[in-house]
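Trainee: I would like to learn how to read cavities and helix packing in a model. Can we go through one together?

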Amino acid sequence: MKTSHAYRPRSRAGSQETRERIVAAVRELLEEGGFHEATVEEVAARAGVSRATLYQHFGSRLGLVDAICETFARSQELQSLKRSAELPDPVRALDEVIIDCARFWARQEAVLAPLYGVASVDPAAAGLVERQRRDRRRVFGRLARRLHAGGLLHRGLGERRALGILLLLTSFDSFLELRRHAGLTERDVSRELRTAARALLLAP
C-alpha cells in the first residue's frame, strides 16, 4: 500500500527569513522615496516573493508599515530612550532622552522622512506617525510629571505645558528643521535641544 508523504510545515526560520526580506524591501523603497507609489506586487518583487506570500505575512500595506514600526521599537536608540526616561535624576533623564531621541531620528531619517511626508494622504503612513506620537506622549508625559512633582519646573509652568514643550522640541519636524534646514550636525542638534529644554522648562 502506497503511503502518503507526511505534511511538513514551513519552518519558522524560513518564515522569519521571508518576513525580514520583505521588511528590508520596504525599507529600501522608503529610503529611495518610492514606497508611496509602489504597488504590493512591486514590493513583493523587490523581496523576491510572491504577492500571495507577502499578504500571508503582512495582510496589507498597513501591515508592512506596522512591521517597519516594530523594527523601530526594537532599535537600540529607542530602547536606550526608555531606560534614560527612568533615570533617578529627572534632570539627567531630560538630557539623556533628548540625546537618544535625536540619535533615533538621525539613524532613521531616510526611512521616516518619506513616511512623514505622505502622512496626510497615505493611511499607512498616517498610522505610523500617530503611533510614534502616542509613544512619545507616554514617555515624555511621565517625564513631565516627574519634573513637576520634583518642583523643578519654572514657576507657573504646569505638567501639561511642560509636556507640550517636550513634544515640540523632540519632534521629527523639529529635528529636520535643525538638521536639514539649519545645517546642524546631529551632535549640534542634540546640544541645542538640550539647551532649549533646560531654558524653557527648568527653574533657575
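This is a predicted model: local features need pLDDT of at least 70, side-chain atom pairs count only at pLDDT 80 or more; totals for chains, interfaces and linings use all residues.

Trainee: What volume does the largest cavity have?

Mentor: About 30 Å³.

Trainee: Which residues line the largest cavity?

Mentor: Ile 98, Cys 101, Ala 102 and Trp 105 are among them. The lining also includes Leu 169, Thr 170, Ser 171, Phe 175 and Leu 193.

Trainee: Which helix gives the most to that lining?

Mentor: Helix H6, residues 90-117, with four residues.

Trainee: How does the lining of the largest cavity split by class?

Mentor: Seven residues are nonpolar and two are polar.

Trainee: Now the helices. How do I read a packed pair?

Mentor: Two packed helices are described by the angle between their axes and the distance between the axes. Here, take H9 (residues 172-181) and H10 (residues 186-201). They pack at an angle of about 130°, and their axes are 10 Å apart.

Trainee: Which residues meet between H9 and H10?

Mentor: H9 brings Phe 175, Leu 178 and Arg 179. H10 brings Glu 186, Val 189 and Leu 193. By class, this contact has four nonpolar, two charged and no polar residues. Look again at Phe 175 and Leu 193: they take part in this contact, and they also line the largest cavity.

Note on methods. Residues are numbered from 1 along each chain as its sequence is written. Side-chain values use heavy atoms; hydrogens and water are left out. Axes are lines fitted to C-alpha atoms, for helices over the stretch in contact, and angles run from 0 to 180 degrees between N-to-C directions. Helices (H or I, at least four residues) and strands (E, at least two) are DSSP runs, numbered from the N terminus. Contact means heavy atoms within 4.5 Å. Ala, Val, Leu, Ile, Met, Phe, Trp, Tyr, Cys and Pro count as nonpolar, Asp, Glu, Lys and Arg as charged, and the others, Gly among them, as polar. On a 1 Å grid over the protein atoms alone, a cavity is a set of points where a 1.4 Å probe fits but cannot get out, and a pocket is an open set with protein on both sides within 12 Å along at least five of seven lines; lining residues have an atom within 4 Å of a point. Grid points are joined across faces, edges and corners, and a volume is the space filled by probe spheres set on the points.
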